[in-house]
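Reader: I would like to learn how to read some features of a model. Please take them in turn, with the general idea before the case.

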Amino acid sequence: MADGDSSADGSAGAKGEARIGTSPSRLTDPAMREEMRRALVWAGVIGLIVLTVYISRSLLVVFGALVFAAMIDGGARLLGRILPIARAWRVALVLILSVLFFVWLGYFAGSTISSEAAQFPELVQGQISDLLAWAQGKGLQIDQSQLQNYAGSITSGIGTLTSALGGILGGLTTIVLILIIGIYVAVEPRLYERGVAWMMPRERRDSFHVTVARMAHTLRRLMAGRLLGMFVEGVFTYIMLAWVAPLVGIGAVPMASLLAILTGLLAFVPNLGALVSGVLMALVGFSGGMDMGIYTIAVYFFVQNFDGYVVIPMIAKKTVDLAPALVLAAQLVMGVLFGIIGIFLADPLLAMLKVALERRAEENEAKGERVASLAEGSKSGA
């Protein structure tokens, strides 16, 4: 009995010492530990959301670099069909050709259309004032001061854009970062893909590689269609305004080269770019008379329809079929959040989200089919 009492007292003392040594912050209730784990997970998710919002502009710069890398990669792949040289040399050749093009564009814009760029905002504002006077003459009640403010904002934006053509480049740091990161990614894309895949669970890596391959293919096709559309719209606009117009007895449209460059640049932004370029073209056209104004509207519809029904279906829409209303909504949201760079990148970002969601749906469907086949196998075995 004594030994039993002593052993009982010893175990009780050990339990008491264990209780004394236990931290008062330790949760012994399993239900409380589970709730605490859930709370920490939600806190981590909220923290990641806050961090994403805080660094969203930096993430957008990285995405812009990926878009630029996709364009370089597409050009290198295209050269690979005709030049059997190493990928690094093809990438370097694409970069050299791009630099030469922008040097030519800067020289052409600076030497040929600098005077047109200076007169362009004044001409547009004058046309808006004439339109206002015509509307008021027809009995429409329009607040002249408010419309003049809108006109001033429009011409101010046009002046900024035409100044950029002459060599004044806004957001230089952001553009340099996009170019540098994009070149690094274009030179060694597999290196960065493997690095990201390494941080993922092993069972998810194969699916990640498939998703990235589809995203890259989609982005290359989308950017190829965009660049070809910019080239086609710019060239066709210049031909129709500078060469065809005199042949039909209207005379050359003023500032044809400037309008062609603006139309080509704005074609990078779907929907909004075409609308802005059409308005600018019509305003300049009506400055030369009613016939010229109607002709510029006809040119606008011809160029846009040719691009929309011939160029885009050949390249972009075979891979990316996005609803125009959805693209416009994304552009408006991204423009409010991130400004002009958000408008430029809204369409590629929306296309990447669509590819990711489609890939997710395929995985869920395949998983459901596997579960169904296993269930049928178990039933047949029973």
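Author: Begin with the lining of the second largest pocket: helix 3 (56-80), helix 7 (172-187), helix 8 (189-198), helix 9 and helix 14 each supply at least two residues. Helices here are DSSP runs of H or I with at least four residues, numbered from the N terminus. The model is predicted, so local features need pLDDT of at least 70 and side-chain atom pairs pLDDT 80 or more, while totals for chains, interfaces and linings use all residues. Residues are numbered from 1 along each chain as its sequence is written, and side-chain values use heavy atoms, without hydrogens and water.

Reader: What counts as a pocket, and which residues are closest to the centre of the second largest pocket?

Author: On a 1 Å grid over the protein atoms alone, a pocket is an open set of points with protein on both sides within 12 Å along at least five of seven lines, and lining residues have an atom within 4 Å of a point. A volume is the space filled by probe spheres set on the points, which are joined across faces, edges and corners. The second largest pocket holds about 1,200 Å³. Its lining has 29 residues, and the closest to the centre are Leu 66, Val 185, Val 212, Met 215 and Ala 216.

Reader: Where is Ala 197, and is Ala 197 buried or exposed?

Author: Buried means under 20% relative accessible area, exposed over 50%, and partly exposed in between (1.4 Å probe, protein chains only). Ala 197 is in helix 8 and is buried at 3%. Its C-alpha lies 10.0 Å from that of Val 212, 15 residues away along the chain.

Reader: How is the span of helix 9 read?

Author: The expected span is 1.5 Å times one less than the number of residues. Helix 9 (residues 205-247) has 43 residues and reaches 61 Å from first C-alpha to last, close to the expected 63 Å. A bend at a residue is the angle between axes fitted to the seven residues ending there and the seven starting there; helix 9 has a kink of about 35 degrees centred on Met 240.

Reader: What follows helix 9?

Author: Gly 249 follows helix 9, with a positive phi near 85 degrees. Met 255, in the loop between helix 9 and helix 10, has a positive phi of about 60 degrees although it is not a glycine. Met 255 is buried, at 8% relative accessible area.

Reader: How many aromatic pairs are there, and how is a pair described?

Author: A pair of aromatic rings is described by the distance of the centres and the angle of the planes. Rings of Phe, Tyr and Trp (its six-membered ring) pair if their centres lie within 6.5 Å; planes under 30 degrees apart are stacked, over 60 edge-to-face, and the rest tilted. The structure holds eight aromatic pairs. Phe 101 and Phe 102 are edge-to-face, because their planes stand at 70 degrees, with centres 5.4 Å apart. Phe 101 is partly exposed at 43%, and Phe 102 is exposed at 55%. Phe 268 and Phe 344 also form an edge-to-face pair, with centres 5.7 Å apart and planes at 75 degrees.

Reader: Which parts does the pair of Phe 268 and Phe 344 tie together?

Author: Phe 268 lies in the loop between helix 10 (256-266) and helix 11 (272-286), and Phe 344 in helix 14 (residues 340-381), so the pair ties together parts 76 residues apart in sequence. Phe 268 is buried at 14%, whereas Phe 344 is partly exposed at 31%.

Reader: Which charged end sits over the ring of Phe 268?

Author: A charge sits over a ring if NZ of Lys or CZ of Arg is within 6 Å of the ring centre and within 35 degrees of the ring normal. For Phe 268, the charged end is that of Arg 226, 5.5 Å from the ring centre.

Notes. 1 Å grid on protein atoms, 1.4 Å probe; cavity = no way out; pocket = protein on both sides within 12 Å on 5 of 7 lines; lining within 4 Å.
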